[in-house]
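Me: I would like to work through a few features of a model and learn how each is read. Please take them one at a time.

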Amino acid sequence: MRTPTSSTPSARSSVSRRTVLASAAGAGALAALGAAPSPASARGRRPLAEVLLTARPGAEAERLRLGQALRGGEFDPTGLYLPAGAALALTVQPHDDLVPTLWIGAWDYYGEVKEPRRYPLVAGANTVTDPHGGPVYLSLAGAGERAGVLFRSGAVLMPVFTLGETTEAEYQNRLDTLTESPYVELVAPHTILTLSRDGALLYRGEDHTALLELVETLIDSHARISGLDGSKAVHRRKAGPYHFTEVTKVPTGVGAYATHGYNGFPRAYLDRATTVTGLRTRGWGFYHELGHLHQQMAYKPGGLTEVTVNIYSLAAQRTLNQPSNLLTVDATTGLTYFQSAQRKFGTAGLTYEKSFGAYEKLVPLRQLELAFGEDFWPRMHKLVREENPQSHYTENDKRYRALATYSSRVAGYDLTDFFVNTWAFPIDATGKAELAALNLPKPPVDPSTLTD
């Protein structure tokens, strides 16, 4: 699926961990979570929300640490929506001399308004207006510093479901009563799911605890195949949540997409992204787009952008005990993708990029796991993070070389025959020399013969 990758100024800021604090009267926490305001808060005597931020590494710093092609999520939610042109009054309390950043708006790469707007804040009183309005977010880049933000007036409460805090009855009441916001959010420790109100109402009857637990399980599956086990600082999971957003439009033929900061899903995909059964049984597109936010750049030449991403999709399928997409039988040939790919080996003019279909190209990446263990890709990710090899996105030859040499090092065997002779990857003379220089033994089993 198409993956927009253009960088935007707003995508460069970092996110913070949010903890909602109750105000002195106890209303602030409820407001920040999307509950109906008390009569006192409606009269202006209490704040809309009071938020405590603890700084964490910025999104770009995290991208570089993880060796990934795309930055992860930028924001933490506040549970507030700012109408277009309204004056948002807030007070910033920089407990450790670090001031957060305010963001207003929704992500929508192909829409009329494409991204949230960034508003630097100052200590003390601030008033912000935005011409388009939208959900309100905060970020605080740093290393554990704290800051408080008191939202006083101007915004309205969004219906919010927070995993482990909101009951289904409370959420349904918020959908019925908090009707001024055109946005709804579902929130979990690693998840922000931003929906239009109409989109959220389509599947309001779902079990939202089960849905968010499933999304968290999918995110965990991607972290595990990425070797993000916390064994070293470089291997800790990404700071901050992943952001999944309903978008207004996508190009013809695109079901969903990934770019810096978020995954975009059009209304037509919500039956899979926001229903438990749909996400569990027909959610390949969701697994795939989330995978783009985990891809490492060192071994991702242009020709593999839509291939290595499905390392994570297959991991999600295994986590959910689904049959592998690689075992799908083609109705015309009667063959699985393993079988159809293997029948092409040794044919005249064979080239990896042109001779194999999209799923067939995924087969050798799965065969590496079958040959060298289910921990092959976690070990690969960890080695790449630790060595952090650099390459420009145009250096396709270098990235193909990295795929072959790093794979051989992780396996502990010379995979020249596998990559060069059998699968016909475009490994140039330099790459072949680098493989030979590793001086590794031949593998005891030919990985190209293996199937699920």
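Me: Where is the place of N439?

Reply: This is a predicted model. In it, N439 falls in the segment after α17.

Me: Does N439 count as buried or exposed?

Reply: The cut-off for exposed is over 50% relative accessible area. N439 has 69% relative accessibility, so N439 counts as exposed.

Me: Where does A424 lie, and what is its phi?

Reply: A424 lies in the loop between α16 (416–422) and α17 (429–437). Its phi is positive, about 55 degrees, although A424 is not a glycine. A424 has 16% relative accessibility and therefore counts as buried.

Me: Which residue just after α14 takes a positive phi?

Reply: That residue is N388, with a phi of about 50 degrees.

Me: How many residues does α14 have, and what is its reach from first C-alpha to last?

Reply: The expected span is 1.5 Å times one less than the number of residues. Helix α14 has twelve residues and reaches 17 Å, close to the 16 Å expected.

Me: How many of the twelve residues of α14 are buried?

Reply: Nine of the twelve are buried, so α14 is largely enclosed by the rest of the structure. Among them are F376, W377, P378 and M380. The buried residues of α14 pack against α3 (59–66), α6 (208–225), α10, α13 and α15 (396–411).

Me: Does K382 count as buried or exposed?

Reply: Buried means under 20% relative accessible area. K382, found in helix α14 (residues 376–387), has 19% relative accessibility and so counts as buried. Leaving aside neighbours within four places in sequence, K382 is in contact with G227, D229, S231 and H235.

Me: At what angle do α10 and α13 pack?

Reply: Helix α10 (residues 310–319) and helix α13 (residues 358–372) pack at about 60 degrees, with their axes 10 Å apart. Because of that angle, α10 is oblique to α13. The crossing of α10 past α13 is right-handed.

Definitions and conventions. Residues numbered from 1 in each chain as written. Predicted model: local features only at pLDDT ≥ 70, side-chain atom pairs only at ≥ 80, totals over all residues. Heavy atoms only, no water. Axes fitted to C-alpha atoms, helices over the stretch in contact; angles between N-to-C directions. Helix = DSSP H or I, 4+ residues; strand = E, 2+ residues; numbered from the N terminus. Parallel < 35°, antiparallel > 145°, perpendicular 65-115°, else oblique. Left-handed = near helix turned anticlockwise from the far one by under 90°. Buried < 20%, exposed > 50% of the residue type's maximum accessible area, 1.4 Å probe, protein only. Contact = heavy atoms within 4.5 Å.
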